[in-house]
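Q: I have a sequence and a model on screen. Can we walk through how to read the main features?

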Amino acid sequence: MRHDTKLAILGGAPIRSRPWPSWPRFDEGTERSLLGVLRSGRWAVSGAYAGETCWERKFAGRFAEFHGVPYCTPTTSGTGSLTLALLALGVGPGDEVLVPGLTWVACASVVLAVGAVPILVDVEPDTLAMSVSAARAALGPKTRAIMLVHPFCTLADVDAFVALAAETGIPIIEDCSQAHGAELRGRKVGTFGAVGCFSMQQSKVLTSGEGGAVVTRDPAIYDRVEQLRADGRVFSDRPRLGQLELLEVGAVQGRNMCLSEFQAAVLCDRLAVLSEENAHRAARARTLETLLGQVDGVSTLHRSSEVTAPVYYNFVIRFDLAEFQGCSIDTLARALGAELDTRVFPVYRPMNVHPLYRPLDTPRGTMPDTEWLRRDPSRFSLPAAETARATCLTLTHPVFLDDDASMDEIARAVLKVKACASDLLTLPQGSTRDAF
Ligand SMILES: *Cc1c(COP(=O)(O)O)cnc(C)c1O
């Protein structure tokens, strides 16, 4: 394969000059639904019943059905979903929750926000998901939940964690914010633990700008989540025209985490194309995996053959930096980004050094040292997360809505950067902004 000899980051011609597919996507159906909400006068579940099932209930029904579970509660965000899951499971002050050491900071900050202590657990090097052996070692008498995130483009070891939960009685909260629609042996993720949580924020594969959802099979959990997210109110069984549909009859201390009708309408519309978009991305990603499989010095994440429907949120490429003249991962990210004219980023910083995770900067009240210092991120050791941050790059999912020729360009960009890696050593090797 022939390469231009000058890297785009050093002023050469980039490999990619066509635009990438845009994200988020919508069509005329989305526009019609949104206009319908606008004109209906019912913009939120807390509005009056207008004679039809509101969008929020429609989305709840469709998302539950999509997962093959009886219950779903839409929420404001992934953060909201995780918060509601923790509260519904009764997690609070004094408790500990296992959280992966390599994920978005919200996974840990929600635990702090309910008064509990995040226990940061290292990841498996070949999936970047929480390591079951590290989780086992981190269990203690105060552990009340395991937050299992399906990260990037692969799944956590669901079977091992389900076995651990069965053995210990500690419930799993599955965070599927990066894996909407992924399946293991034909069963959707989010249905293996006690509760499945989703974010529908702008960057996710199913989005309404902001948004979220909680799914469960457990009627008691569902009942609590429903009340918790609407200040304790619950839907009337027999709504009356022009009357409020949410009744003040709940029995919990709640908060407002309700999805708006605009967001719910967008989600109903986009859910209808999710499986098709997931399949499209997966086909492109398989092409790229095959192409990268022929390049020495790079590899992709491990996925069990039992994953019957993979979901590619961020496609991860692992680098053997020695094959790239010892360049830093950040410099490789910038060089590849310039060749491809798209965002190429390292994975998250490990949570114990993440600049946005600052538990000791939160109000302490009268908490004694022994309790307070359990929150100190620096007491956790996350060597696999550190290695991942130093050696892995991600491509975002809209890239995979494109064609196979684009996958070829990505592989060519990797080869070009590899062939010219020594030229990169003249550039600063410092770190790039994390941006997920
Ligand atoms: C995006 C994300 C969240 C947070 O979702 P928000 O909607 O931004 O609150 C939580 N967990 C994971 C794994 C995510 O990717």
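This is a predicted model: local features need pLDDT of at least 70, side-chain atom pairs count only at pLDDT 80 or more; totals for chains, interfaces and linings use all residues.

Q: Which side chains place a polar atom by an oxygen atom of the ligand?

A: For a polar contact, look for N or O atoms paired within 3.5 Å. T79 has a polar side-chain atom 2.5 Å from a ligand oxygen. For Q178, the distance from a polar side-chain atom to an oxygen atom of the ligand is 2.8 Å.

Q: What lies 2.6 Å from a nitrogen atom of the ligand?

A: An N or O atom in the side chain of D175.

Q: Now the strands. What holds a sheet together?

A: Strands of a sheet pair through backbone hydrogen bonds, in parallel or antiparallel fashion.

Q: In what order do the three strands of the open sheet run?

A: The order is β7-β6-β13, with antiparallel pairing. β7 (187-188) and β13 (307-309) are the edge strands, each pairing on one side only. Strand β6 (residues 183-184) is joined to β13 by two bridges. Across that pairing, L184 stands opposite V307 in β13.

Q: Which strand does β1 pair with, and over how many bridges?

A: β1 pairs with strand β9 (residues 212-216) over five bridges, in the antiparallel sense. As one example, P74 has A213 in β9 as its bridge partner.

Q: Why is β1 described as largely enclosed?

A: Count its buried residues. Strand β1 covers residues 71-75, and four of the five are buried, so the rest of the structure largely encloses it.

Q: One last residue. Where does E409 lie?

A: E409 is in helix α12, which covers residues 404-419.

Q: Is E409 buried or exposed?

A: Buried means under 20% relative accessible area. E409 has 11% relative accessibility, so it counts as buried.

Q: Which residues does E409 touch, beyond four places away in sequence?

A: E409 touches I15, R16, R18 and L340.

Terms used
Residues are numbered from 1 along each chain as its sequence is written. Side-chain values use heavy atoms; hydrogens and water are left out. A polar contact is a pair of N or O atoms within 3.5 Å; within protein, one must be able to donate a hydrogen and the other to accept it, and residues adjacent in sequence count only if both atoms are side-chain atoms. Two strands pair if DSSP finds at least two bridges between them. Buried means under 20% relative accessible area, exposed over 50%, partly exposed in between (1.4 Å probe, protein chains only). Contact means heavy atoms within 4.5 Å.
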